[in-house]
Amino acid sequence: MKNEKCPVLNFTEQIGGKWKLPILNVIRKNGSPRFGKIHQIVEGVSRKVLTDQLKNLEQDGLIIRKQFQEIPPRVEYSLTERAKGLNDVFEAIEKWSAITSN
């Protein structure tokens with residue numbers, strides 16, 4: 001029998017850590033936000049850590065970074081179809097959080 005990786009372990013390896021889920025959620029809820037908007041909403045994340053996390057999420061195929069040829073430069077972030085598959089997960093987290101915070 002093939003030794004298959006636990007789905008929860010697979011999930012946390014890809015999207016684990018303190019910042020990836022909050023960043024994805026901000027992008028999910030705000031369409032195609034710019035870096036400054038994401039930084040403003042995700043409380044406590046430094047600009048450097050946010051930059052690193054956005055690069056990781058892009059490399060992992062979860063977000064799209066769109067750079068516009070404008071002055072001043074403008075960059076927007078959006079979810080890939082793969083990341084949009086997490087919508088049900090985010091809705092479940094929000095529902096669970098609302099129940100447990102009462």
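How are H2 and H6 oriented to each other, roughly parallel or roughly perpendicular? They pack at an angle of about 105 degrees, so H2 and H6 are roughly perpendicular to each other. Angles under 35 degrees count as roughly parallel, over 145 as roughly antiparallel, 65 to 115 as roughly perpendicular, and the rest as oblique.

This is a predicted model: local features need pLDDT of at least 70, side-chain atom pairs count only at pLDDT 80 or more, and totals for chains, interfaces and linings use all residues. Residues are numbered from 1 along each chain as its sequence is written, and side-chain values use heavy atoms, with hydrogens and water left out.

Start with the overall layout. The protein has six helices and two strands. These are DSSP runs numbered from the N terminus, with helices (H or I) of at least four residues and strands (E) of at least two. From the N terminus on, the order is α-α-α-α-β-β-α-α. The C-alpha atoms fill a box of roughly 55 × 40 × 25 Å along the principal axes. Of the 102 residues, 29% count as buried. Buried means under 20% relative accessible area, exposed over 50%, and partly exposed in between (1.4 Å probe, protein chains only). Among contacts with a separation of 6 or more, 48% join residues 24 or more positions apart. A contact means heavy atoms within 4.5 Å.

Now turn to H2, residues 20–29. Its buried residues are Lys20, Ile23, Leu24, Asn25, Val26 and Ile27. They pack against helices H1, H3, H4 and H6 and strands E1 and E2. Just after H2, Gly31 takes a positive phi of about 70 degrees.

Axes are lines fitted to C-alpha atoms, for helices over the stretch in contact, and angles run from 0 to 180 degrees between N-to-C directions. On the H2 side, the contact uses Leu21, Leu24, Asn25, Arg28 and Lys29; H6 supplies Asn87, Phe90, Glu91 and Glu94. By class, these are three nonpolar, two polar and four charged residues. Ala, Val, Leu, Ile, Met, Phe, Trp, Tyr, Cys and Pro count as nonpolar, Asp, Glu, Lys and Arg as charged, and the others, Gly among them, as polar.

The next partner is H4, residues 47–59. The axes of H2 and H4 come within 10 Å and cross at roughly 75 degrees. That makes H2 roughly perpendicular to H4. Here Lys20, Ile23, Leu24 and Ile27 of H2 meet Leu50, Gln53, Leu54, Asn56 and Leu57 of H4. This contact has six nonpolar, two polar and one charged residues.

Charged pairs come next. A salt bridge is a side-chain nitrogen of Lys or Arg within 4 Å of a carboxyl oxygen of Asp or Glu. The count comes to eight. One of them joins Lys29 and Glu94 at 3.1 Å, N to O. Lys29 lies in H2 and Glu94 in H6, so the pair ties together parts that are 65 residues apart in sequence. Lys29 is exposed at 54% relative accessible area, and Glu94 is partly exposed at 31%. Arg28, Lys29 and Glu94 are linked in a network of salt bridges.

Another salt bridge joins Glu13 and Lys5 at 2.7 Å, N to O. Glu13 is partly exposed at 47%, and Lys5 is partly exposed at 48%. Arg74 pairs with Glu76, the closest N and O atoms being 2.8 Å apart. Glu76 is buried, with a relative accessible area of 19%.
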